[in-house]
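I opened this entry to look up the pockets and the ligand site. My notes follow in the order I made them.

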Amino acid sequence: MRDFVFVLWMSCALLFGLTARAAFAEYDARIGEMEILTPAPAPAPRINGPKIYGARPARIFIYRIPCQGERPIKFAVDGLPPGLELDSQQGIIRGETPDKPGEFDTLIKARNRHGQCERSFRIVIGDKIALTPPTGWNSWGGHMVDVSDRIMRTAADVFVKRGLADVGFQYIGIDDCWMRLTQDMHATRGAATVKKHAAYDYHSTGTIGPIRDQYGNILPNGKFPDMRAMTDYIHSFGLKAGIYSGPGKRTCQSWAASGGHQMADAEQYAAWGFDLLKYDLCSGGREKNRMLKTIPGFTPKDFWKPMSDYLRMQNRDILFNLCQYGRHDPWSWAPSFGIQSWRIGGDLNHNVNHYFEQALRIAGPLRKYSRPGHWNDPDFLYIHRIKDVKRMGEPSEEIPLDTNQRYQYVTLWSIVCAPFFFSCDIENIDDFTVALLANAEVLNINQDELGYVAEVIRDDADETVMFKKLAGHAMVLAVFNRNSAQERSIEVGWDEIGTCCNHALYDVWRQKEMGEYKGGISVKLSPNGVGLFILDRGF
Ligand code: GLA
């Protein structure tokens, strides 16, 4: 009898559960092959980007106000700190920050012949920078050893002409291979790159030669004839420039790094006008291990601290992106001496299909380490065309991800507060990829001032559901179909995200109000599909 009652109870519960779930209204979020979801920007101005921005005292300051809409746009900013000035035609704030800590609640206004808008922007002068995840593009994925001054300038042009700067992309970063090699380095470990790119001409590119001048200053190769002129060009748009090196003698491609010259190199990066350093372990691993073994009390963090200190001594803010592939748990010590972001694992370009796994690490075990000023870095959004590291001489190729997976990848980077850097062949970026990256609503979620990393509320073989709180009362809901062969309708009850009743929903990718959903939602998704929603956006 007890068994019978149990079976009856289970059947009722199951039936009730099914009917209750089926009661949720369905929303069709399926995405077609190469379908562009991001609507074209409206002609009236719309200011995007972070609402909070950190800068150190008495430093050179540069910030381009991300703003969509037909140009010319006239900008105004109320409440700027002393020392900062607005270029009202271009919407660029420049100058030198006040020499004391303080908070400045500014109001940015933008107007054109179609309308006007405003957005709050708090400038926090203090020791913390990167209060929201850094955003930008890096040369590695698309260009590798073929990076040059021309490519960097092209990236700046693409940012401005194709609307990426208008949604908040800020940094344009050179990765490896801007330096030189001595004849000896070339003949020995420099040969590593030779094998990967037989056609690369070390001589006519000015790559072989002294790696430092008579004063010990690092020298770029001939593809970077004037670093300062290049960063001036990037800064002329209000964008920022990034550079790359490592604490060992050689970079990962065995080119000259900063080992033994860290202070001089930090000064050089600042003099050249760089605003970010990606600092990569590479050959430094041997040195670090030797120090760990021979210096009593030496810890992995002591190996990275000098460069962090030297960067902080410069006259401009230079973000520190630490690249040690997640070894020695950098998340547990890097924030303590002011590192803004650290890689949590190996290179994603060889393993781009591992994007979900990396994002889930940030949303799971590493979640507590990401916070304003300090971010877990799962590596770049390797999107569209990238090179194969083993065949660098060959043209870039499409990444092996389908349309829906690309939407998943960008969605995940947004909601786990990853540094929002993409890396691809910038000369051949297509309209689909620009639209995929330049969705202002997706970026604004990544840039939300709360810095709340999405939490996983359900994760099984076929479906993953995550939510993220935004500043104010709104919440983000992301629903993923993990099944690569079948469409699915995924149900989410509001009780699962700690709420109830009715919520007004907004489709983030399509930038569309969806109306009220009672009790929950059933989201219809393509294979590998994703739906990204904001609950009560207008609150
Ligand atoms: C390492 C890094 C990559 C890239 C290359 C450059 O592999 O992890 O991101 O910077 O070096 O050589």
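I took a pocket to be an open set of points on a 1 Å grid over the protein atoms alone, with protein on both sides within 12 Å along at least five of seven lines, where a 1.4 Å probe fits; lining residues have an atom within 4 Å of a point. Volume is the space filled by probe spheres set on the points, which are joined across faces, edges and corners.

The model is predicted, and local features need pLDDT of at least 70, side-chain atom pairs pLDDT 80 or more, while totals for chains, interfaces and linings use all residues. Residues are numbered from 1 along each chain as its sequence is written, and side-chain values use heavy atoms, without hydrogens and water.

I looked up the largest pocket and found a volume of about 480 Å³. It has 22 lining residues, and Lys51, Arg119, Asp448, Leu470 and Arg537 are the closest to its centre.

I then turned to the second largest pocket, with about 350 Å³ of space. Its lining has 20 residues, of which Pro39, Ala40, Pro41, Gln68 and Ala438 are the closest to the centre. Where does the second largest pocket lie? Domain 2 (46–125) and domain 3 (135–180 + 193–246 + 319–446) both give residues to its lining, so it lies between them; the bounds come from an automatic or database domain assignment.

A ligand oxygen is 2.5 Å from a side-chain N or O atom of aspartate 347. For glutamine 253 the distance from a side-chain N or O atom to a ligand oxygen is 3.0 Å.

Terms used:
Polar contact = N/O pair within 3.5 Å; in protein donor to acceptor, adjacent residues only side chain to side chain.
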